[in-house]
Amino acid sequence: MTSAAGGLFSHVEQGPPDPILGIAEAYKKSTNPKKLNLGVGAYRTEEGKPLVLEAVRRAEQAVVSNPDHEYLPITGIPEFNALSARLAFGEDSSVIRENCNATVQALSGTGSLRVGAEFLARHYPVRTVLLPSPTWPSHNKIFPLAGVADVRAYRYFKPSSRGLDYEGMLEDLRKAPEGSILLLHACAHNPTGVDPSLDQWRGILEVAKEKKFLPFFDSAYQGFASGDLERDATAIRMFADEGMEMLLAQSYAKNMGLYGERVGALTVVARDAAIAERVESQLKLVIRPMFSNPPRFGAAIVVKVLQDPELYALWRKELKGMADRINGMRTLLFQELQRAGAPGKWSHIVEQIGMFSFTGLSKPQVEYLTAKWHVYMTLDGRISMAGLNQASCRYLAEGIADAIRACP
Ligand code: PLA
């Protein structure tokens, strides 16, 4: 088990780099002045700088001027939880009115997914989770590590149309075990940028009801997809209005730009308030030995922004501004690809939604782009649209045209 010469950990092998955050590390190491980081989904301004939203800056000042470093309760700031649930389900949702939700603060989207998955492993009899293919890579790890061992993929993206494989999706869902946990991206599907239409969501809901699935919504981009918080919550609200029990993981990383503050919420929607209360007591038993209680700073900022009508209005405006800039980059990249004569059809760039474009570039083409053009992006061909600006759109388009010709 141990090697005398090397010590107790000499058998430990080098782990692989993370498929997304590993790209950021590689980008940092590059010394080329032309390098372009389109890996991780983090918003950048036209000048390529991280953005602290003005609404967040003002809320932060208010938080800082009234310091409080006490422990939070295990479930976090109560107002934060109430406001988060309202943001997702809407003011007059029956879930909210009838207190059917157990909402707890957790460590951003990832931590919320993890707490939810562990709760399910303890209290939900079906250990099968259905994930879209492709999906955000961490989904494949979070569920089995939490004890939901049977991970299955359902068809989602159709490479030939670069759109939703709706028929394939429904066929796979109909074949899946009854009662499975059904993971759905609430909006701005990562990595494909392809969301179901309203009618398609209705079809998915019908199958979910037929098969008694437990939907688990991952909402990491509310407001970021369309620029409209309500619109981006359409699927969640449609399912909730049908009286579906479900889970929801919310992240404020992107929509408030609070990436590193790790602010998020997990909601379990139960049949009634009494059950929700018991569920909350069990969520505490998951959280307490995991991280005891969540951090307060970022959540206190979110409370201020959501509670203060002026800050809330400002936030909505700034959110729309970020979504608009991303959409502007879609149009521009599309035009530049045509100008550069990049082989192929590129309309999917403008049709996809959210933070990312799923370009359709192959792994060798991505590797070529990184080696020759210093463009850092994930190997599946995903680019973060927010990492682009006027000048880099042209550079990227020329790089893509070159990569496709070099590696057909
Ligand atoms: N769910 C989805 C669908 C995501 O895309 C991300 C983040 C998360 C959850 C988790 O975010 P959080 O824990 O920071 O709230 N995806 C990023 C970053 C933006 C990452 O991979 O960590 C991405 O580049 O895909």
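Histidine 374 counts as buried at 18% relative accessibility, where buried means under 20% relative accessible area, exposed over 50% and partly exposed in between (1.4 Å probe, protein chains only). Histidine 374 has a positive phi of about 60° although it is not a glycine, and its place is in the loop between α14 (363–373) and β12 (375–376). Helices (H or I, at least four residues) and strands (E, at least two) are DSSP runs, numbered from the N terminus.

The model is predicted: local features need pLDDT of at least 70, side-chain atom pairs count only at pLDDT 80 or more, and totals for chains, interfaces and linings use all residues. Residues are numbered from 1 along each chain as its sequence is written, and side-chain values use heavy atoms, with hydrogens and water left out.

**Backbone geometry**

- Alanine 188 also has a positive phi, near 55°, in a residue other than glycine.
- This alanine 188 is found in the loop between β7 and α8 and counts as buried at 3% relative accessibility.
- A cis peptide bond with omega of about 15° joins asparagine 190 and proline 191; proline 191 is placed in the loop between β7 (181–185) and α8 (198–210).
- Serine 133 and proline 134 are joined by a cis peptide bond with omega of about 0°, and proline 134 belongs to the loop between β3 (128–133) and α6 (139–146).

**Ligand surroundings**

- The ligand is surrounded by 18 residues, of which the closest are Ser108, Thr110, Asn190, Asp218 and Ser251; a residue is near a molecule or strand if one of its heavy atoms lies within 4 Å of it.
- A backbone N or O atom of glycine 109 lies 2.8 Å from an oxygen atom of the ligand.
- An N or O atom in the side chain of tryptophan 136 is 2.9 Å from an oxygen atom of the ligand.
- For aspartate 218, a polar side-chain atom lies 2.6 Å from a nitrogen atom of the ligand.
- Of the 540 Å² of accessible area that the ligand has on its own, the protein covers 92%; accessible areas come from the Shrake-Rupley method with a 1.4 Å probe, and for residues only the protein chains shown count as cover.

**Helix α5**

- Helix α5 (residues 108–123) has 16 residues and should span 22 Å at 1.5 Å a residue, which agrees with its end C-alpha atoms being 22 Å apart; the expected span is 1.5 Å times one less than the number of residues.
- Because 12 of the 16 residues of α5 are buried, the helix is largely enclosed by the rest of the structure.
- Among the buried residues of α5 are Ser108, Gly109, Leu113, Glu118 and Phe119.

**Threonine 103**

- Threonine 103 lies in strand β2 (residues 101–107) and is buried, with a relative accessible area of 7%.
- The side chain of threonine 103 makes a polar contact of 2.9 Å with that of asparagine 101 and one of 2.8 Å with that of threonine 267.
- A polar contact is a pair of N or O atoms within 3.5 Å; within protein, one must be able to donate a hydrogen and the other to accept it, and residues adjacent in sequence count only if both atoms are side-chain atoms.
- Leaving aside neighbours within four places in sequence, threonine 103 is in contact (heavy atoms within 4.5 Å) with Asn81, Ala85, Ala265, Leu266 and Thr267.

**Serine 281**

- Serine 281 lies in helix α10 (residues 273–287) and counts as partly exposed at 36% relative accessibility.
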